[in-house]
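Colleague: I've never read a model like this before. Could you take me through it one feature at a time?

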Amino acid sequence: MLSAKMNDALNEQINKEMYSAYLYMSMSNQSNEMGLKGFANWFMAQYHEEMYHAMKIYEYIARQGGKITLKAIDEPPGEFASALDMMTKTLEHEQFVTRSINDLMETAIAEKDHATQIFLQWYVTEQVEEEENDNDIIAQLKLVKESPHGLMMIDRDLAGRMTTVPTDFSKGVGGEE
Ligand code: FEO
């Protein structure tokens, strides 16, 4: 059972995860336009992860007998100055999501909602990984500065990222990732 306050807060988080997917779709497109196919791949994998994050909450609300409310998704920025600009904005956005997950956890604690606290633990852990990945790529980009050769090496590395989360939700979100 979800309290109305918890239910509302989880619906807000679906919207934030959907916006995250939209933002990374935009960055994937921008990467393609810059000729950075590896970055485009990395951001598209990120898009799939965010859709999975949203769908996990969607399914959780439904399983708890709550009410799902889908809200308008904001328009993401469509222009970015560089790969470093995109990765810096990615990190800033993930830090915003981390604060949002922490706020959700605070609400779950205040509402004495143990099930939602356990559910949210997955997201707490996930955010550590997300920020770590972004920090690693930013460090590499700063290391090579503006060197085209260095940028191409990072791009080749990011081309290897595979989407590991489920992408077909017709039968639910499936197992844990
Ligand atoms: Fe769903 Fe990237 O946080």
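**Reading the model**

Colleague: How many nonpolar, polar and charged residues are in the lining of the largest pocket?

Modeller: Sorted by class, that lining has 4 nonpolar, 1 polar and 3 charged residues. Here Ala, Val, Leu, Ile, Met, Phe, Trp, Tyr, Cys and Pro count as nonpolar, Asp, Glu, Lys and Arg as charged, and the others, Gly among them, as polar. Before we go on, remember that this is a predicted model, where local features need pLDDT of at least 70 and side-chain atom pairs count only at pLDDT 80 or more, while totals for chains, interfaces and linings use all residues. Residues are numbered from 1 along each chain as its sequence is written, and side-chain values use heavy atoms, with hydrogens and water left out.

Colleague: Which residues line the largest pocket?

Modeller: A pocket is found on a 1 Å grid over the protein atoms alone: it's an open set of points where a 1.4 Å probe fits, with protein on both sides within 12 Å along at least five of seven lines, and lining residues have an atom within 4 Å of a point. In this model, S82, A83, L84, L141, K142, K145, E146 and L151 do the lining. Two elements, α3 (83-110) and α4 (114-144), each give two or more residues to it. The space inside comes to about 150 Å³, counted as what is filled by probe spheres set on the points, which are joined across faces, edges and corners.

Colleague: How many helices and strands does the chain have?

Modeller: Helices (H or I, at least four residues) and strands (E, at least two) are DSSP runs, numbered from the N terminus. This chain has 5 helices and 0 strands, giving the pattern α-α-α-α-α along the sequence. Its radius of gyration is 17 Å, close to the 16 Å from the globule rule for 177 residues, so the chain is as compact as a globular protein of that length. That radius is taken over C-alpha atoms, and the rule is 2.2 Å times the number of residues to the power 0.38. Along the principal axes, the C-alpha atoms fill a box of roughly 55 × 30 × 30 Å.

Colleague: What share of the residues is buried?

Modeller: Buried means under 20% relative accessible area, exposed over 50%, and partly exposed in between (1.4 Å probe, protein chains only). Of the 177 residues here, 46% are buried.

Colleague: Is F80 buried or exposed?

Modeller: F80 has 7% relative accessibility, so F80 counts as buried. Find F80 in the loop between α2 and α3. Contact means heavy atoms within 4.5 Å. Leaving out residues up to four places away in sequence, F80 touches L23, S26, M27, Q30, M34, D85, M86 and K89.

Colleague: And where is E79, and is E79 buried or exposed?

Modeller: E79 also sits in the loop between α2 (37-63) and α3, but its relative accessibility is 68%, so E79 counts as exposed.

Colleague: Where is S170?

Modeller: Look in the segment after α5 (148-158). At 58% relative accessibility, S170 counts as exposed.
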